[in-house]
Amino acid sequence: MISPKPYIKTLAPYQPGLPIEVVARSYGLQPDAIIKLNSNENPHGPSPAAVEAMRHALQNSHRYPDTFSLTRLLSEQLGVSGDSLILGNGSNDIIDLIARTFLGNNDESIVSQYAFAMYEVAIQTVGASSHIVPANNYGHDLEAMKNALAAKTKVVWIANPNNPTGTFISYADLENFITQVPKNCIIVLDEAYYEYLEPSERHNTALWPAKYPNVIIIRTFSKIHGIAGLRVGYAIAAPHIAELINRVRLPFTNNHLAVVAASAALLDHKFIEMSRKTNANERRKIEQQLTLHGIDFIPSKGNFITLRISDSAVYDSLLRQGIIVRPLDNYGLSGWIRVSIGLPQENDCFINTLIPLVSSAKKK
Ligand SMILES: Cc1ncc(COP(=O)(O)O)c(C=O)c1O
């Protein structure tokens, strides 16, 4: 009998959000009428500049992709050298590459309770073990994570802001933590939602790997740039670390159109600004409504909010009415959902549908 490596048998795969077509078919709904708020995508669609660039690039699809221009652009924008960059097929690919480069059978990795689920998948895939540190008020407890460090700890994973909780760690606390972690232990700082922070809230963490060579910063084009479907993520690492990871990386994992789109999206400042501002306004609006109606939520710095629905039947009711959100049972947060910030009218519809459902769930 064919059998996998023992640890693959116990691997819990990543659960992606339900797609529109599946919900439409299951509930007899028109796909156009469905409001999809379950995968933290950009509700405004892709960066228009990215779409235009892909149109022109189509005719070169017979060539293998060339990442030179994208790498150069990233390096200019971030103020880092080209040899400190790693491109991935989405940032999930980078997470997987880091695990495959630095973790093996007897190694341990530290993750926070409620941290982004892909870290666990990547850790388990290579047969390493994870030390899950209880969260503090739904966020990473850096003090406890520091105390969990052991000789066999090879990689520590931090998402800032975190998905699905939206919690944020101050840069001063992060830097303090980094200086206390042994230099032979990699610290992954996953900043998928970095661009949603107010410019005044952001710190130029892209420069950290030059200062702290055991730090790897991960970012993505899937969120504010609106090209989740094209799969482009990147990491910034000290050149000797980037070189190790790039050894493991398969050639051509970023397709030609995706690379061209990412370059254009990076320069589409108007779209980035509009996306950030709308997200901040709409997130505030939703949080105000939740507060007004006594619905618990975790204050978020991302393009989503995690809130308490009290009864998981509320999730099913939303789904039947064509509003797809993310249940969080697999994160150990049953009775909670994560809702992505959508377009203003989508958010209004979500709130207007949610409030009576939660009110009656609370009365039960
Ligand atoms: C914290 C975090 N990291 C990484 C990812 C992966 O994104 P992608 O692979 O689309 O770049 C996500 C996606 O939701 C995320 O929330």
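A polar side-chain atom of Thr220 lies 2.5 Å from an oxygen atom of the ligand in this predicted model, for which local features need pLDDT of at least 70, side-chain atom pairs count only at pLDDT 80 or more, and totals for chains, interfaces and linings use all residues. Residues are numbered from 1 along each chain as its sequence is written, and side-chain values use heavy atoms, with hydrogens and water left out. Arg231 likewise places a polar side-chain atom 2.7 Å from an oxygen atom of the ligand, whereas a polar side-chain atom of Asp190 is 2.6 Å from a ligand nitrogen atom. The residues surrounding the ligand (a heavy atom within 4 Å of it) also include Gly90, Ser91, Asn92, Phe116, Asn163 and Lys223.

Pro161 is located in the loop between strand S5 (153–159) and helix H8 (171–180), and Pro164 lies in the loop between S5 and H8. Helices (DSSP H or I, at least four residues) and strands (E, at least two) are numbered from the N terminus. Asn40, in the loop between strand S1 (35–36) and helix H3 (48–57), has a positive phi near 50°. Most residues other than glycine have a negative phi, and most peptide bonds are trans.

The chain divides into domain 1 (6–45 + 270–356) and domain 2 (48–268), with bounds from an automatic or database domain assignment. Their centres, taken over C-alpha atoms, are 24 Å apart. Contact (heavy atoms within 4.5 Å) involves 33 residues of domain 1 and 36 residues of domain 2. About 2,900 Å² is buried between the domains, 61% of it from carbon and sulfur atoms; this is the accessible area (1.4 Å probe) lost on putting the two parts together, summed over both. Arg276, Lys301 and Tyr331 supply 25% of the area that domain 1 buries against domain 2, more than any other three residues.

Two salt bridges are counted between domain 1 and domain 2, a salt bridge being a side-chain nitrogen of Lys or Arg within 4 Å of a carboxyl oxygen of Asp or Glu. Arg276 also forms a salt bridge with Glu198, at 3.2 Å from N to O. Helix H12 (269–292) is among the elements that give two or more residues to the side of domain 1 touching domain 2, and H12 gives the most, with seven residues.

Notes: Polar contact = N/O pair within 3.5 Å; in protein donor to acceptor, adjacent residues only side chain to side chain.
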